[in-house]
Amino acid sequence: MADSGDRVARIADLQGLGQALIDLRTEAELSIRMLAAEACKMNNRPCDLSKNLIEDMSKGRRITEDNLRLYLRVCDVPRDEWWSWIETLHRANGKSAARPEGAHRVRDWDPVYLGVHRAIEMPGFADGLPSYVGRDLDDELRSDLRTMAGTGGFVVLVGWSSAGKSRSAYEAVTAELPNWWLVSSAPGAVPTKLPARTVLWLDELGEHFEPSQRLRADAVRRLLSAPEPVIIVGTLWPNRYAALASLESPGPAVEVLKMAKIVEVDDHLTEREQNNAKTVALTDIRIATALRVTDYSLTQTLTAAPALLRRWRLAPPVARAVISAAIDARDLGVNSPVSRDFLTDAAPGYLTQRERRSLTATQFNDAFTYATTLLHGVTATLWPESETATATHFSVAEYLTQQVPLRLIPETTWLAIIEHVLDKDDLERVADSAQGRLLYRIAEKVYRHSNTVSARLKAADLLVQRGQAERAVESLADLAKQGNVPTLRWISDFYQLRKAGSSHEAHGILSRLAETTNDDSDRIQLARFLDRLEHPDTLEEWKKIAERNVAAARRAASLLVARKLEDEAIELLLPWAAKGDRRTRDQVREFYTNAGRLAEIDALSKSWGDAEYAETLAWRSEQKMLLKLAEEGNSRARVLMAGILEEEGKLTEALCMSQQWIEDGGKSELLIYIRLCTNTNKLTQAIEALTRLADDSQASSDQARFGEHADEDHEVDLETVLVDLLYTANRIDDLRACADTGSVLASIATARWLRENEEIATLTARAQGGDFDSLQSLTEYFREKDRLAEAVHFWEAAVLRDPGRSREQLGDVLDELGRTHEALEIAEDMGKNGDRSARSRVARRMAKLAMWDKLRNLADASDRYADIEHIRHLSELRKYTEIQQRAAAGSVAAVRELLAAAHNGIAAAAGIDDFGLEPSGIRAAPASDDVQAQ
């Protein structure tokens, strides 16, 4: 063997070292298994170099000096060459630990620069953060970080402004990863490569998904799949998370968020967290002061949120108008700082006619001074982008954007956005907001002003919606001429789906897309389009992507067979069949069998494995050969044979056969026997066999197959099957034993059995003993017997034991009994802790009690559940003018109601789906070009 030290002298990273170790093992003619075995022999103990460790070392992971020495020793590398390898390891680790640009050690970062809010100033505490109050999420979050420290990972904390998400994340990474590098990345500047042991901090993650600086899934995937661990930590507001994660068509944001562990951060403290805060308050006056405030959460009070709200609401008219314009701009989607000119032009819309007549420059100067005044030394309603007296751009306090009530936004604000906002992404978001409020005229103007490709496509959609299809296509002509792919796809969809008789145009666009992009989806779309037309080029289009797409290969093969070209069809399918695609293998079986080439398919399926050969025999219904395979111990043959006998109604024969198989078989045979016992009502035998299977050491992760053919389309958890069998067999003692060991399914089944068999004394005893499922079942019994009132005192007692779930159930029972005021009080109290289901119950119960004013106030405060009930009430009263105003103000429920009413032909909503609304909430009249289009 040549001097191995020379080969590693120029290696600079761990991946290169891993490849050198592979080369070394190959030259020593050692497989991974042989290398692991030799290592065990040398040290006389197992696992010094396990197979998994060797595989990781080959990828540049988990290479330590000790396991490297053992690796070299097993590969018979001379000791005088070891130092070169060890020196290379140190050098590679040194490079991996190099400081990324803009990075500091986690322990050295100022948390304020990571998005942690400064706290209110108090005597003796002019600077620095208050003591940290432990949150319930801390243990799990820090455990996740410890795991990710070895593997890499991605965690996103979701919560409102001032909920404490950035602080919780900062405390967690500081506690678990103090010596790691930390890079705080701005939107559009996320690095595609980072050294090992680096935290990538993405505060306000939603801003990283804007169109011009979109965080791509493949970039995140590369970071997370790096040989050495990188951890991504992000924060996100709940409304942004809901919008990004619920997109119907998968986009970059959905793909990115699927890779992340989501941690919800409530802005209200739990009882345990309150106790933590009280302990901390003994030594931190800021915590003690914040705890005395009852109208706001602890985290909100610490960041001066109450003072911000008062500052805005009690401001002089012009200052309040300026602040309101900034809040509305942010609420509509303007994330960039807004200019002084914007605020000056937008503000008059928030003033009365008398106030507008007396406006002066001095009033505006005073307003900006008022709005930028620091509160408690930490925050202001408006933050100037520069510290000079002539600052031209301002950012609004985040907290205020969450407190904006539902209200009409003046047209002056919309026009000022068009005039003064320059950021194209901001403009597109504003246009989206306008369209979501049915302000189509405004939306079209702002989309045009944005002029991004996506904005222009949305504007075209609006034109089509308003009956101006030709104008929509014409508006995109320049982009289409440039070959812009999204535009070509839009035009293609338009011709295919929206305009009859345009197959020629669609064919041309799709062909252009297929030839100019590297995206197989475009060629697939072209092939499907041609398929629908039965075009002669269909087969050739499918064949072009058959090597890369299994569905294309299957479709091309079907077309080839239709042309009597079976050999070519099979040639297309075989590579995919060799990869294990089941549908392709079935298609190959079908082609060979139909062609009578049985010997060939038998040989081929044997090469795929014994189970596949059994599938081939079952496909041809060759029961004798299949039975022979089953008797020889082929598990798949046994499963298939049992299924065939069941189909033929030969249950007894199948059961006898399966009983013989369980003596020499494994799990599959036992599952067959259990299924057959169940189907023949031999429940005792089935339970015994299932218990035997469940007792297996791997039963916790096994899935039992109980379908007609026991295939993977019919998988049922073992616990579910066992509980169902015990229930059916009336084995109540065994069922209770399972329930008492912690089986939730068994607990539910036990409670149901006791109720259905009217063993109410036993059911009552279990309910009084704290069994939640028994209490629910007992309540159902009382309901059936028209004695529901008797359930109340049981739930009241349960609330004392477990206030969480039990309070909700008590409220529901009281509501059902007509004691809705009491039920409402319970829901309101639960809703204070952020319980969403409780907020829904509050809205429904207020509606039931006709508390319309309170319901409207909640709806105005952006409670979507209250909004739904309020709009339903207005709809019943046919108050469509008010519904229109609320839609223009941003009520999602109002928008849905108007569109549904227009669709159903209600005269009061006629034309709204076509022409939308004006900013004032009145119905928009058709423009002249709209009329011509009609």
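**Strands, then core**

Guide: Keep in mind that this is a predicted model. Start with strands β7 (residues 338-339) and β9, which run antiparallel and are joined by two bridges.

Visitor: Which residue in β9 is the bridge partner of Ser339?
Guide: The general idea is that strands of a sheet pair through backbone hydrogen bonds, either parallel or antiparallel. Here, Ser339 has His393 as its bridge partner in β9.

Visitor: How many bridges pair β8 with β9?
Guide: Three, again in the antiparallel sense, with β8 covering residues 382-384. Leu382 is partnered with Val396, and Pro384 with Phe394.

Visitor: What is the strand order in the sheet?
Guide: Read it as β7-β9-β8, an open sheet of three strands with antiparallel pairing. β7 and β8 are the edge strands, each pairing on one side only. Helix α16 packs on this sheet and touches β7, β8 and β9, its direction making about 75° with that of β9.

Visitor: Which residues of β9 are on its covered face, and which on the uncovered one?
Guide: Phe394 and Val396 are on the covered face, while His393 and Ser395 are on the uncovered one.

Visitor: And the core: which residues touch the most other members?
Guide: In soluble globular proteins, nonpolar side chains tend to be buried together. In this case the largest nonpolar core has 72 residues, and Leu343 and Leu400 touch the most other members. Helix α16 (residues 317-332) gives the most to this core, ten residues. Beyond its neighbours within four places in sequence, Leu343 contacts Val322, Ala325, Ala326, Val338, Phe368, Leu382 and Phe394. There's also a second, separate core of 66 residues, including Val639, Tyr727, Phe772 and Leu814.

Key
Residues are numbered from 1 along each chain as its sequence is written. This is a predicted model: local features need pLDDT of at least 70, side-chain atom pairs count only at pLDDT 80 or more; totals for chains, interfaces and linings use all residues. Side-chain values use heavy atoms; hydrogens and water are left out. A nonpolar core is a set of buried Ala, Val, Leu, Ile, Met, Phe, Trp, Tyr and Cys residues joined through side-chain atoms within 4.5 Å. Buried means under 20% relative accessible area, exposed over 50%, partly exposed in between (1.4 Å probe, protein chains only). Helices (H or I, at least four residues) and strands (E, at least two) are DSSP runs, numbered from the N terminus. Contact means heavy atoms within 4.5 Å. Two strands pair if DSSP finds at least two bridges between them. Axes are lines fitted to C-alpha atoms, for helices over the stretch in contact, and angles run from 0 to 180 degrees between N-to-C directions.
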